[in-house]
Amino acid sequence: LSNLPMDEQCVISDSPDKLSLRLQAGETATFVGEYDLRVNSGYIMIYGAILRSGPKLHRVFAPTSHALPTVTAKGGPAEVDIISTIPLLGPLSNVSPLWTKLWHAQTSKDAKQTKDDSRSFALLRDSSDDPLKRAVTALEVEQDCQVTLNRVLSRQTAIHPSSVIMVSGPKGSGKSTICKWIINTFLTASKATCSTSCFWLDLDPGQPEFSAPGQMSLVQIRSPVLGPNYTHPSGHVSSAHRTIRSHTVAANSPRDDVVHFLACAMDLRDAYFRTLEDFPGAPLILNCSGWVLGSAVSAMMELVQQFPLTDVVLMEPMERDTVASIEATLPMARVLMIPPRYKPAQSRTSAELRAMQAMSYFHSLPPSKGLSQWTSNPLTQIHPWHVKYNGPNAGISSIMSYGEAVNPDFLASIIDGMTVAICEVESDEAYATVQYRPPHVPSASAAEMGETMTERIGRTPEGLPYLRPDNSGLIQPLDPRFSCCKGLAIVRGINVAKQELQLITPMSVKEIKALQGSKTVLVRGKFDSPQWVFLEDIYSGDAQKLKRQEMFGLMKDKT
């Protein structure tokens, strides 16, 4: 994990709250936990970011659910401070066992206590240094992969306005890691300034980097990304990143409605070019879905044709016919292949990682001092928004079902306790029956709109407004050109007597007020069931009981 010399010559100082190291060129140090990194002299690389000497602190998240980022000295000796912090995500272990055994593990109370026990991080020379003997691995980009990335980053278009790079490959091939590596290198290049920005286009609704599962989004990034996806949720604007525009497919895969998926991608592309006027030269990185076989090939080729790509990075294994088609379609772009990478065993399944990402989103708080914050309270202890769904002051206009339509008699039971997307309808043209249109095709005509929207709104026995199928008997998703997703919510309850919904969402008061006076639609679909919500109170009670027992034990020992 680390190739530091075994002697203490590399250690400048070692205290309970800080470890200062002197690294020679090429030496590496790997840490587990959460810590602040400061470079005092020279420069180092971590997660593809080149960090130079200065007073700035960089927060690094290194949980064992992912490969651990390595601090590497580049170009000569470097001196760094690894500073212990108050863990931001650690308290979530109070509400779910998924968050346990991820960070720096304390030694048992029977073992000899050291100053390392009070730190939020630990230096690992090899996996045997981990007290819990977890299967930890270091995040490494193989030499041939690094050569490929260097060719992309050194290309002339990489420093020229509107560099557009697409990264595609099978699920679990490391696309997000490569995207972060490229983004971090762009943001910390020698010509980068404090105003340098990059844009991340998340086209993988199953494992998005910044938004909650089920969404596609365009995100502006201003600071290096030094942690896995659940460490930087997009529920709030921060100095490090902000969401420009977002859409929901209400599912973990685009395969159920490829047409809508492409329409969302095209609208986010247009949003990037509109934003580019204020940030000239900011590159765009496309993180594509891991669905790359069968009918996904035609969707990928549509993206290739509709985006002005300068580089395409393909993660193997990839069908040779697909590669040849991309090369023929983009004669001026560089198509680069990255060989299969070693994939270490993960301590969390894909479903568990999605649940953690959803938990991180719903437990997120407004940032403080540029850092994301989370609450460790169960969501049942958070006061919900009370939204009228009927009457003159109704806060929502309708409830839509993406995918399979449901019987209105059962709609209330189906959405109760489930996740829904909060979407703003900017124009009634969002309800058009024709979704995806090439740029030269005009928007929907009145004939395509079918019945008026007033006629298409029905009511369930509880009074919930829902969108009836159109003349074709289908419920088409919202046209992304005339609508957008503002966030997700969990339906905590339905008060039929007051005709109101109780919604739990991390959206701010300002964002909620901005929706007043606009048409707001709640979208349900194939979101993962938030089963973790129903267990938070139980687990939190056990955690609090255990904490009281530990406190009582400490008091007894002192006595």
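This report looks at a few local features of a predicted model.

## Two residues with positive phi

Y47 is not a glycine, yet its phi is positive, at about 60°. Y47 sits in the loop between β4 (43–46) and β5 (49–52). Is Y47 buried or exposed? Y47 has a relative accessible area of 6%. Buried means under 20%, so Y47 counts as buried.

K369 is not a glycine either, and has a positive phi of about 55°. The loop between β17 (364–368) and β18 (371–374) holds K369. K369 has a relative accessible area of 84%. Exposed means over 50%, so K369 counts as exposed.

## A cis peptide bond

Which two residues does a cis peptide bond join? They are E316 and P317, and omega is about 5°. P317 lies in the loop between β15 (311–315) and α5 (320–329).

## A buried loop residue

T85 belongs to the loop between β8 (78–84) and β9 (121–124). Its relative accessible area is 12%, so T85 is buried.

What does T85 touch, leaving aside neighbours within four places in sequence? T85 is in contact with E34, Y35, D36, R59 and S120.

## A nonpolar surface patch

F534, L535 and I538 form a nonpolar patch on the surface. Together they have about 330 Å² of accessible area.

One of these residues, I538, is found in helix α11, which covers residues 531–558. I538 has 53% relative accessibility, so I538 counts as exposed.

Methods
Residues are numbered from 1 along each chain as its sequence is written. This is a predicted model: local features need pLDDT of at least 70, side-chain atom pairs count only at pLDDT 80 or more; totals for chains, interfaces and linings use all residues. Side-chain values use heavy atoms; hydrogens and water are left out. Helices (H or I, at least four residues) and strands (E, at least two) are DSSP runs, numbered from the N terminus. Buried means under 20% relative accessible area, exposed over 50%, partly exposed in between (1.4 Å probe, protein chains only). Contact means heavy atoms within 4.5 Å. Patches are made of residues with over 30% relative accessible area and no salt bridge: like charges are joined within 9 Å, nonpolar side chains (Val, Leu, Ile, Met, Phe, Trp, Tyr) within 5 Å. Accessible areas come from the Shrake-Rupley method with a 1.4 Å probe; for residues, only the protein chains shown count as cover. A salt bridge is a side-chain nitrogen of Lys or Arg within 4 Å of a carboxyl oxygen of Asp or Glu.
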